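The sequence and the structure are shown first, and the description follows.

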Amino acid sequence: MKTKALLEPYTLPCGLTIKNRIAKAAMTERLANKKQQATKELSQLYNLWSNNGAGLLVTGNIMVDSRYKEASANIVLENESGLKPLEEMVKAGTQNNTHLWAQINHAGRQASIFSTFKPIAPSAIQLKKLMLFAKPKAMTADEIKDVENRFVTTAKLSKKAGFTGVQIHAAHGYLLSQFLSPKTNERTDDYGGSIDNRARLLFNIVQRVREEVGENYPISVKLNSADFQRGGFNEEDALYVIKTLEKLKIDLLEISGGTYENIIFLTQRYERESTKQREAYFLDFAKKIRKETALPIMVTGGFRSHAFCNEVLNNKELEMIGFARPFLTNKSFPKNFLEDENSKIGDATFKFKIKKMKDFAEAGFYDYQIHQLAKGKEIKPKYNPYLAVLRLTTNELIKGWF
Ligand SMILES: Cc1cc2nc3c(=O)[nH]c(=O)nc-3n(C[C@H](O)[C@H](O)[C@H](O)COP(=O)(O)O)c2cc1C
């Protein structure tokens, strides 16, 4: 078997080349200032990552609307005012021929109460989790059009800021994913019902973003293989969406899965023994779609060993491999990982007894590590997860409300 597949460059359909097969998947940084603009810490973070060897860095979600953020300190890019500081961050993140793509997002009903008490969503169906999310208002047709326009504007501004590509976040239960799922979309107009209708907003956005950025600019979509909830967006729906995205000429499909109600993108390990050994959650789905589409595929979630990455690349199961937490458990990842065929990277282990809040603790734990790196400090693998919850909540509260 051919080795070193991770080191091979990959040329996207739009004609641009990524220097190797490792991507840093999006991780929300929560490091913007009060004006929701990029900061020195963000530049420092992306300086580190663009010097560590990954071919592609996808930013944490950048919001298209300051009213409906995923977190209090998200970057928002809705007009030209935030361009200058963002350009600094882009400069830092594109060194060494590294691609830096802006992930653009709208939280919809997953905008927390620290961001808004009046979220909007396809239907007025509340996310009931730790009392952190208010009941959303069902969007009007005008509001849907406004969201479409906003995604296009943010994509255009991202290109202007120097990002070398853009990723539209349609996964993990955020607004576009809410439209896709029958569990959160009970509309009876052109945006609800059939999968074609539920995907209409996403398709319109992709089509218009392509018109705006031109054919030589990478567009990626992050999509759930499924929501992993009964009655939710399923693999059949996903397949339909993917086939249409291919017609709309995107450059990279990132596969993930789950929502805040079932955060499978962080926790899921398939039960089948064979898949467990193969480590990656969404690979089975990637295999299915491989037969149906020629779209370049990236899968994110659970990759931890060089040998296994090499195997799936050599099998032509995927084009790019997405990693998130490994960037926060090893400061120099993927420097050695890329070259060393025997390298494996472990996950942080921490004990946290409050089951209902475990994912919150995990988010807090990794948020702390991002902030450490952004300050030029070391990762702290033994950071207390209870403190992590307290710190995250306090930050959200202070940055959101004061
Ligand atoms: C701290 C943290 C923040 C994340 N933020 C985002 C985000 O902003 N957008 C996104 O699409 N996924 C986000 N994710 C999910 C990751 O991109 C990825 O899908 C998930 O962590 C699984 O990959 P891994 O097993 O390599 O960590 C986040 C994950 C973590 C750990």
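## Basis of the description

Helices (H or I, at least four residues) and strands (E, at least two) are DSSP runs, numbered from the N terminus. The model is predicted, so local features need pLDDT of at least 70 and side-chain atom pairs count only at pLDDT 80 or more, while totals for chains, interfaces and linings use all residues. Residues are numbered from 1 along each chain as its sequence is written.

## Overall architecture

The protein chain contains 15 helices and 13 strands. Its C-alpha trace spans about 55 × 45 × 45 Å along the principal axes. The radius of gyration, taken over C-alpha atoms, is compared with a globule rule of 2.2 Å times the number of residues to the power 0.38. For 402 residues a compact globule would have a value near 21 Å, and the 19 Å of the protein chain agrees with this.

A residue is termed buried if 20 or more other C-beta atoms lie within 10 Å of its own, exposed if 12 or fewer, and partly exposed in between; the C-beta atoms are placed from the backbone. Buried residues account for 49% of the 402 residues in the protein chain. Two residues are in contact if their C-beta atoms, placed from the backbone, lie within 7 Å. Of the contacts between residues at least 6 apart in sequence, 70% join residues at least 24 apart.

For classes, Ala, Val, Leu, Ile, Met, Phe, Trp, Tyr, Cys and Pro count as nonpolar, Asp, Glu, Lys and Arg as charged, and the others, Gly among them, as polar.

## Packing of helices

Two packed helices are described by the angle between their axes and the distance between the axes. Axes are lines fitted to C-alpha atoms, for helices over the stretch in contact, and angles run from 0 to 180 degrees between N-to-C directions. Helix H3 (residues 141-161) packs with helix H6 (residues 200-213) at an angle of about 35°, and their axes are 9 Å apart. Residues in this contact include Ile-144, Val-147 and Phe-151 of H3, and Leu-201, Ile-205 and Val-209 of H6. By class, the contact has nine nonpolar, one polar and five charged residues.

In helix H11 (residues 306-314), the buried residues are His-306, Cys-309, Asn-310, Val-312 and Leu-313. These buried residues pack against helix H10 (283-290), strand E13 (320-323) and H13.

## Loops and backbone features

The loop between helix H12 (326-329) and helix H13 (335-339) holds Ser-332. Ser-332 counts as exposed because it has 12 C-beta neighbours inside 10 Å. Pro-334 lies in the loop between H12 and H13, and a cis peptide bond with omega of about 5° joins Phe-333 and Pro-334.

Arg-30, in the loop between strand E3 (22-24) and helix H1 (40-50), has a positive phi near 50°. Arg-30 is buried because 22 other C-beta atoms lie within 10 Å. Met-131 also has a positive phi, of about 55°, and is found in the loop between strand E7 (120-121) and strand E8 (137-138). With 7 other C-beta atoms within 10 Å, Met-131 is exposed.
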